[in-house]
Amino acid sequence: MATITECRGALDRLSDNLSRADGDVRGATALDRTLSCHVTDLDTTFTGRLADGRIEVVDTVPGPPPAKAQIRLAMTGDDLVAMVGGELNFAKAWASGRVRLEAGFRDLLKLRTLL
């Protein structure tokens, strides 16, 4: 099972990857939105912002998200680490229910290029 430190590291790597992206992926990450990532097996939530093509983690809190972020993710720590490491395809994990993504309709349309 992935640790909180490994999950935080995965989010940092994801942020680095997004900041180096170009084309459609860069456009999808050009949002300025609040973000939460609930790691279900650790019952821990990372909160922050997606802005300027980067994820900025502001806080780590126990339990589910304390407030409703504009973009909400939920998955196990192992799935988070595997996705960022390229071992788990996001679209397949989302379609199978291993990863939950909730956002407004416009944000989902913009984020679809990441899928």
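Predicted model: local features only at pLDDT ≥ 70, side-chain atom pairs only at ≥ 80, totals over all residues.

Student: Is helix H3 largely enclosed or exposed, and why?

Tutor: Helix H3, residues 77–84, is largely enclosed by the rest of the structure, because 6 of its 8 residues are buried. Those are Gly77, Asp79, Leu80, Ala82, Met83 and Val84.

Student: What do the buried residues of H3 pack against?

Tutor: Their partners are helix H1 (4–20), strand E1 (33–39), strand E4 (71–75) and helix H4 (90–96).

Student: And what's going on just after H3?

Tutor: Gly86 sits there with a positive phi of about 85°.

Student: Switching to cysteines: how many disulfides are there?

Tutor: The search of the whole structure comes back with 0. Cys7 has its closest cysteine sulfur in Cys37, but the distance is 7.5 Å, so that's too far for a bond; the cut-off is 2.5 Å.

Student: Cys7 and Cys37, buried or exposed?

Tutor: Cys7 counts as buried because its relative accessibility is 0%. Cys37 is buried too, at 3%.

Student: Which strand gives the most to the lining?

Tutor: Strand E2 (44–51), with 4 residues. E1 and strand E3 (54–62) each supply at least two. Cys37 turns up in the lining as well, along with residues including Leu11, Phe46 and Arg49.

Student: What's the makeup by class?

Tutor: The lining has 6 nonpolar, 3 polar and 2 charged residues.

Key:
Residues numbered from 1 in each chain as written. Heavy atoms only, no water. Buried < 20%, exposed > 50% of the residue type's maximum accessible area, 1.4 Å probe, protein only. Contact = heavy atoms within 4.5 Å. 1 Å grid on protein atoms, 1.4 Å probe; cavity = no way out; pocket = protein on both sides within 12 Å on 5 of 7 lines; lining within 4 Å. Nonpolar A, V, L, I, M, F, W, Y, C, P; charged D, E, K, R; others polar.
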